[in-house]
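Visitor: I have not looked at this structure before. Could you take me through some of its features?
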Amino acid sequence: MAHEPFFRKEGDLFIPTRAGIGPWTADSLHGRLIIGLLGAEIERQYRTPEYMPARLTVDMYRLPDLSPVEVVTRVVKDGYRIKVVDAEFISGGQSAGRATCQLLRRTENPPGKVWAPDNWDAPSPADMPPPEQRPMGGMWDMRRISGDFGAPGHPRRVWMAEIRDLVEGEPFTPFARVATAADFVSPFANSGDHGLGYINSDVTIYLHREPVTDWVGFDVTGHGATDGVAIGECRLYDEQGVIGAASCTALAQKRKVS
């Protein structure tokens, strides 16, 4: 199928399809699906219009295979202004990742002006030619704005859009769209002129608003690494401007020689 979903629902379980195979082994799921599914389930079960999912942190510590997936959630704090929800991604009976989401009650900004960086001047995705091949066998759509993987000295900026359902028959919400895309911060920020030598162990997303269009923009703002431990950072956009930021920690694939 050209646009096979990443999961199909069977009762309380999520059944992965091969559309979600990642780059590390032939039968393991892409990390973006751990993040996306955990974020989507937290939102589905606990979100109301009064609350904004302002921060999602996902730890990823095991490559899940194509076994059925269960998502287990727990309310940590159910306050009037702040709600905190945990979720766990269980694949084939083993924990592969966990999330913490902070939902904040909407109010209004206080008076006064606060400094903020200038908006980027990226062209609209509709005005950019599509790539000759979609990345990862058509896992998502992309428009490269500037720079590229492993191109030092150039701003790395890109538009990304989902082309498949996360769960069959369930349209992406704006929040789930950002959560699923956010894993891209690691390869985009951490790849070098020898390719990508890091596998990310977490992703954190900060949002002050959700995207109002299908495209999510990534603008690399930072990378640093010592002793095989790296961090990467991107500012996030939609077609109207900044929506937040994403960061990750990553671990070098090569073991340190003692």
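Predicted model: local features only at pLDDT ≥ 70, side-chain atom pairs only at ≥ 80, totals over all residues.

Visitor: How do helix 1 and helix 2 pack, in terms of angle and distance?

Guide: Helix 1 spans residues 31-46 and helix 2 spans residues 174-181; they pack at an angle of about 155 degrees, and their axes are 7 Å apart.

Visitor: Are helix 1 and helix 2 roughly parallel or antiparallel, then?

Guide: They are roughly antiparallel, because an angle over 145 degrees counts as such. The crossing of helix 1 and helix 2 is right-handed.

Visitor: Which residues make the contact?

Guide: Helix 1 contributes Arg32, Ile35, Gly36, Gly39, Ala40 and Glu43. From helix 2 come Phe175, Ala176, Ala179, Thr180 and Ala181.

Visitor: And how many of them are nonpolar, polar or charged?

Guide: The contact between helix 1 and helix 2 has six nonpolar residues, three polar ones and two charged ones.

Visitor: Let us change topic. How many salt bridges are there?

Guide: The count comes to 18 salt bridges. One of them pairs Arg32 with Glu162, with the closest N and O atoms 2.6 Å apart.

Visitor: Where do Arg32 and Glu162 sit in the chain?

Guide: Arg32 is in helix 1, while Glu162 is in strand 8, which covers residues 157-162. The pair links distant parts of the chain, 130 residues apart.

Visitor: Is Arg32 buried or exposed, and what about Glu162?

Guide: Arg32 has a relative accessible area of 2% and is therefore buried. Glu162 also counts as buried, at 11% relative accessibility, because the cut-off for buried is under 20%.

Visitor: What about Arg98, which salt bridge does that residue form?

Guide: Arg98 forms a salt bridge with Asp59, and their closest N and O atoms are 3.2 Å apart. This pair links strand 6 (residues 94-105), where Arg98 lies, to strand 3 (residues 51-60), where Asp59 lies, and the two are 39 residues apart.

Visitor: How accessible are Arg98 and Asp59?

Guide: Arg98 counts as partly exposed, at 49% relative accessibility. Asp59 counts as partly exposed at 26%.

Visitor: And what is the distance between Arg74 and Asp86?

Guide: The side chains of Arg74 and Asp86 meet in a salt bridge at 3.2 Å, N to O. Arg74 belongs to strand 4 (residues 69-78) and Asp86 to strand 5 (residues 82-91), twelve residues apart.

Notes. Residues numbered from 1 in each chain as written. Heavy atoms only, no water. Axes fitted to C-alpha atoms, helices over the stretch in contact; angles between N-to-C directions. Helix = DSSP H or I, 4+ residues; strand = E, 2+ residues; numbered from the N terminus. Parallel < 35°, antiparallel > 145°, perpendicular 65-115°, else oblique. Left-handed = near helix turned anticlockwise from the far one by under 90°. Contact = heavy atoms within 4.5 Å. Nonpolar A, V, L, I, M, F, W, Y, C, P; charged D, E, K, R; others polar. Salt bridge = Lys/Arg side-chain N within 4 Å of Asp/Glu carboxyl O. Buried < 20%, exposed > 50% of the residue type's maximum accessible area, 1.4 Å probe, protein only.
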